Amino acid sequence: MAVHSTANRRKRAPNKRERILKAAIKVFAKNGFYATRVSEIAKAAGVADGTIYLYFKNKDDVLITIFEEGIEQLLKILREVAETEDTFENRISRIIELQLGLLEEQRDLAEVITVNLRQSSRLLKQYATPLFIQYIDVIAGVVRDGQKEGAFRKDLNPRIVARSLF
């Protein structure tokens, strides 16, 4: 009987991993991170409880993955906006649209990222801080550009404005 490594399982069934993540987002948003059991995620994903552990170490790892992949995707889009939009007004408008779009189109993901992750200060400090700082830095850079162009008040701290937009 052949033994399959975890990497081989991930290659064979990438949609299971995605199903687990999508289910976790829904369950975390509905119940909260701490009240959610791995078995609830498995049931929502339509997989056996043990299948979760083929893809993730534990429930914390699921939350971290959701955050990292969500923010990385958003960071890619933000960087593109910051580099391609020609005026400050266009850049800041697009950033605001992206923020509102995230909330409107993916409310559960937004809730998990903005509410559930904050409930675990250990997870936030250990895993989320570097990505969050990158995210804030991109927006703060756009605000600084706007200040240089005279389109944005110079007496405001760009990082505070960036955090408020988040």
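Colleague: Leaving aside its neighbours within four places in sequence, which residues is P158 in contact with?
Modeller: This is a predicted model. In it, P158 lies in helix α9. Once neighbours within four places are set aside, the contacts of P158 are A140, V143, R144 and Q147.

Colleague: How far apart are the C-alpha atoms of P158 and V143?
Modeller: V143 is one of the contacts of P158. Along the chain, the two are 15 residues apart. Their C-alpha atoms are separated by 5.6 Å.

Colleague: Is P158 buried or exposed?
Modeller: A residue counts as buried under 20% relative accessible area. P158 has a relative accessible area of 12%, so P158 is buried.

Colleague: Which residues of α9 are buried, and where do they lie around the helix?
Modeller: The buried residues are P158, V161 and A162. Viewed down the axis of α9, they fall within an arc of 100°, so they line one face of the helix.

Colleague: Which residues are exposed on the other side of α9?
Modeller: Exposed means over 50% relative accessible area. On the other side of α9, the exposed residues are I160, R163 and S164.

Colleague: Now the whole chain. How many helices and strands are there?
Modeller: From the N terminus on, the elements run α-α-α-α-α-α-α-α-α. The protein chain has nine helices and zero strands.

Colleague: What share of the protein chain counts as buried?
Modeller: The protein chain has 166 residues. Its accessible surface comes to about 9800 Å², with 51% belonging to carbon and sulfur atoms. The share of residues that count as buried is 41%.

Colleague: Among contacts between residues at least 6 apart in sequence, what share joins residues at least 24 apart?
Modeller: Take the contacts in the protein chain between residues at least 6 apart. The share that joins residues at least 24 apart is 67%.

Colleague: Which residues touch the most other members of the largest nonpolar core?
Modeller: Nonpolar side chains tend to be buried together in soluble globular proteins. Here the largest nonpolar core has 44 residues. Those touching the most other members are I20, F28, I52, V62, I66 and Y135.

Colleague: Which helices each supply at least two residues of this core?
Modeller: The largest nonpolar core has 44 residues. At least two of its residues come from each of α2, α3, α4, α5, α6, α7, α8 and α9.

Colleague: Why do the buried residues of α3 share a side?
Modeller: The buried residues of α3 are V38, I41, A42 and A45. They cover an arc of only 100° around the axis, which puts them on the same side of α3.

Colleague: Which residues is A45 in contact with, leaving aside its neighbours within four places in sequence?
Modeller: A45 is in helix α3. At a relative accessible area of 8%, A45 is buried. Its contacts beyond those neighbours are R19, I20 and A23.

Colleague: How far apart in space are A45 and K16, C-alpha to C-alpha?
Modeller: A45 and K16 are 29 residues apart in sequence. In space, C-alpha to C-alpha, they are 7.9 Å apart.

Colleague: Which residue follows α3, and what is its phi?
Modeller: The residue that follows α3 has a positive phi, near 75°. That residue is G46.

Colleague: How are the rings of F33 and Y34 arranged?
Modeller: The model holds three aromatic pairs. For F33 and Y34, the ring centres are 5.1 Å apart and the planes stand at 75°, so the pair is edge-to-face.

Colleague: Which parts does the pair of F88 and F152 tie together?
Modeller: F88 and F152 form an edge-to-face aromatic pair, 5.4 Å centre to centre with 75° between the planes. The residues are 64 apart in sequence, so the pair ties together helix α6 and the loop between α8 and α9.

Colleague: Which residues do ring pairs link into a cluster?
Modeller: One member, F28, is found in helix α2. F28 counts as buried, at 0% relative accessibility. The linked residues are F28, F33 and Y34.

Colleague: Which residue lies over the face of F33?
Modeller: F33 is one of the residues in the ring cluster. At 4.6 Å from the ring centre of F33, the residue over its face is K59.

How values were computed
Residues numbered from 1 in each chain as written. Predicted model: local features only at pLDDT ≥ 70, side-chain atom pairs only at ≥ 80, totals over all residues. Heavy atoms only, no water. Core = buried A, V, L, I, M, F, W, Y, C linked by side-chain atoms within 4.5 Å. Buried < 20%, exposed > 50% of the residue type's maximum accessible area, 1.4 Å probe, protein only. Helix = DSSP H or I, 4+ residues; strand = E, 2+ residues; numbered from the N terminus. Arc of directions from axis to C-beta. Phe/Tyr/Trp six-rings, centres within 6.5 Å; stacked < 30°, edge-to-face > 60°. Lys NZ or Arg CZ within 6 Å of the ring centre and 35° of its normal. Contact = heavy atoms within 4.5 Å. Areas by Shrake-Rupley, 256 points an atom, 1.4 Å probe, with all protein chains shown as cover.
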